[in-house]
Amino acid sequence: MRLILTHNSHTQSKAVVLLNRLSSGPSGAESVRFCSAKPAFRPPATPTTSTTIMPRPPPMTRSAMRAVVLSLYRTCLRWTQLPLVERSKFLAGDHMPPALAALQLPPRLLTNKDGIREAIRTLFRANAQEKNAEVLSEKVNMAFEGLQYLNRFTGTLENAEARREANRNRDGVTFRIGQVVRHKLYNYRAIIVGWDKRPMIDVSNWEGVVQSTLGVNQPFYHCIPDSNDTLHFLGGVRKLMYVAQENLKMCHALESRIHSDVVPQAFEYYDTTTNSFIPTERIAWQYPLDLPSSSPTSSSSSRWSASRRFKVSVQRANLVDASRRLKQHLHDLSHKIWQHLEVHFGVLERFSTQEPLGTLLSLLTELKEMDPFFSSSLSSSSSKASITSSTSTSTSTGTCTDNLNEVLPGYDALRVLRDLLAFCEDAHSTRKHSNDKTNVHFHIGQVVRHPSLGYRGVISGWEKFPRTGLPSDPPSLQARHPYYRVIVNDLDRDSPSTPAPGMVVLPQEMLEATAAEESAVVVSPLIPDNFLFFDPMTKTFQPNAMLKFKYPDKEEGGVEGGRDGGLKDEKAAALIVETVLRVLTQVLIQAKTKLPRQQQFKTDLFIMLQGAMRKEDAEVVESCLWSLWLAHPEENVRRLMDDGVQFMLRAKYDLAVARFDAALAADGEFIEAGNKRGTAHFLAGRYEEARRDVEATLSREPLHWGALLGKGLIYYEQGQKVQAIKAFRATLRIHPWSTNVGTTLFHTRKQLEGEEAGTMAEHP
């Protein structure tokens, strides 16, 4: 019950005495509960014929108000000293009172007593300077509400601790938190994220429970399923599942990387020693005896387990070394690029506030500031001895956590490299091809309308040949017809035919200019990210510096130097972007050579890919490797490759093959052109041609997991399922996080088992 301090001065004085007594009394849950107890109920007075209006009591003095605030502050802090709070791992932000929620504190702050204490201090400091009596009174009421919230949350903590103690009893519970299992009936993979010794909801009519011999008399598990598996086997993506123990079995280690956007909320990373996911601190606290064993789940001898642990430790050491080499290489490269740019363009800081150079220089700076120094993990026999010792004296969880912290800087450096490459490629390519405005009817910032559907939008970009893959093209449109990126007007959402909020890609024939009076009425959250303001004189939205750079106006570029020097800076920016892109492309091209020193970069990328403990890290390395394979010094070859890929996305496979043939004619050593041509042949159903291209790619790049996956799909379509399974497994050994390969592998294996069972039935 909230205490309304401004309505009863007698209640105010009692509150001050009570809170002062509590703040100086012994600590304990009883004191907090007593503070938040409801006041004694008083029956209303007998109504009379006349109504007496009671005079409003005088407001509380400032000194009395300060005493109440201090008492509240001390009482809240004393709550954090309860033994129950000190032991708990919790997130108090699930149902925070408004006063605490308004501070928008990071969730990680509210996970222990120190975080809660800091949140309380932040809350009281935020209102310490308030002088308005009415506002201050309302703040005090909210503080009482916060104290009551802490009291209620004490009960939540007690329930959580009781559940934690109950979870120490694992009798009858087979699986542990973080283990990857497979459903026996529905075939999908999942990670164990929690369990109940008996179901907490009514599951008696569930199909999987009805078919189970134990029914409801068995443990049930909360699972995070693989999104690709549920889409394939269940017909849709599922986030969480509740499964009986009898319907689960352990999943093969090679197929144990789970793809789901829920995984990062519950688990930190994947541990290759135990082939399981390591839970977050909160989940690990809830299940104290569920941490994975230091030895792999196996019935093999201890000698085999020790050998396995040693092998994994060496792999981890190699991963750490690769991470440090990549980090140092990219650090040195960024310094060389920075020095080269300063020699030719002067002090670069003058461009820091100008786009696109502001973004480019911030990415280069991030690489420069990374610590380049390291010591090799396998540089001496003593380090190898330490590996052997660590396998027998420390748990895998601690070792894996340490190595994760050591390799994360390497992934962070690759993430910056990926972003820098993507940024430079987009800015340079768009600016170069936007110079040709032939047949381009609309310009950046112009408001247009869809003639048949009626909705309006703002032009935020255009291309003669869009990189964005479209599902289909109207037959009347030519290949080089301009396509526009249009920000859809949210005010035109009344029509059911209007696309979802955001941006769409439309051909020029599907757009028309709007009337001037309709141009200003366009609203979208994407407009501030792309435009500065609406110009009532030109009836267009004025693009920001980045869009101006990508789509320069010819009228502004007529005279060298310009009146304000803007053209000179713009040309310098274009040269800087082109220089950085050229240097990075050259580094990637050199990594494809057979010289050991240059090839080390690519070798380290594959080590990082194979050893990635998180999906997002594997995706970063995957992107860098694709950039490496597609890198080529000639602009014409790169353009042919881009065109071929876009033709494939639109199911125009013959045109795609023609583009890749042209790329190979220009450079017969370009491996990726052959791989892409094999992909086009496969999609067109020409499996023999596709297999020849794929095998040629693998003969020169044996670790090309994309070609290996393509080889497996070709074998599958040709009915050679044993060979297909071998190719899929080889793909996962190189790229364990490869999307959908685990699902395809299991599906193929089940089909093969069905065919073999049918053959045995026919010929017993």
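Here are some questions and answers on how the terms apply to this predicted model.

This is a predicted model, in which local features need pLDDT of at least 70 and side-chain atom pairs count only at pLDDT 80 or more, while totals for chains, interfaces and linings use all residues. Residues are numbered from 1 along each chain as its sequence is written, and side-chain values use heavy atoms, with hydrogens and water left out.

Q: How many helices and strands are there in the protein, and what counts as one?
A: The protein has 27 helices and 14 strands.

Q: Why is Ser460 called buried?
A: Buried means under 20% relative accessible area, exposed over 50%, and partly exposed in between (1.4 Å probe, protein chains only). Ser460 has 4% relative accessibility, so Ser460 counts as buried. In the protein, 47% of the 764 residues count as buried.

Q: What is in contact with Ser460, leaving aside its neighbours within four places in sequence?
A: Contact means heavy atoms within 4.5 Å. Ser460, found in strand β9 (residues 456-463), is in contact with Ile444, Arg485, Ile487, Met503, Phe531, Leu547 and Tyr551.

Q: How do you know that the span of helix α22 agrees with what it should be?
A: The expected span is 1.5 Å times one less than the number of residues. Helix α22 (residues 653-666) has 14 residues and should therefore span 20 Å; its end C-alpha atoms are 20 Å apart, which agrees.

Q: Which residues of α22 are buried, and what puts them on the same side?
A: Ala656, Val657, Phe660, Ala663 and Leu664 are buried. They cover an arc of only 120° around the axis, so they lie on the same side of α22; the arc is that of the directions from the helix axis to the C-beta atoms. The buried residues of α22 pack against α21 (635-649) and α23 (671-683), while Asp654 and Ala665, on the other side, are exposed.

Q: What makes a set of residues a nonpolar core, and which residues have the most contacts inside the largest one?
A: A nonpolar core is a set of buried Ala, Val, Leu, Ile, Met, Phe, Trp, Tyr and Cys residues joined through side-chain atoms within 4.5 Å. The largest has 100 residues, and Leu360 and Leu414 have the most contacts inside it. Its largest share, 13 residues, comes from helix α15 (residues 396-433). A second, separate core of 22 residues includes Val440, Phe442, Val448 and Tyr551.

Q: Why is the aromatic pair of Phe267 and Phe277 called tilted?
A: Rings of Phe, Tyr and Trp (its six-membered ring) pair if their centres lie within 6.5 Å; planes under 30 degrees apart count as stacked, over 60 as edge-to-face and the rest as tilted. Phe267 and Phe277 are 5.9 Å centre to centre with 55° between the planes, and so form a tilted pair. Phe267 is in strand β6 (residues 267-271) and Phe277 in strand β7 (residues 276-279). Ring pairs link Phe267, Tyr270, Phe277 and Trp737 into a cluster.

Q: How do you know that Phe267 and Phe277 are buried or exposed?
A: Phe267 has a relative accessible area of 2%, so Phe267 is buried. Phe277, at 2% relative accessibility, therefore counts as buried.

Definitions and conventions. Helices (H or I, at least four residues) and strands (E, at least two) are DSSP runs, numbered from the N terminus.
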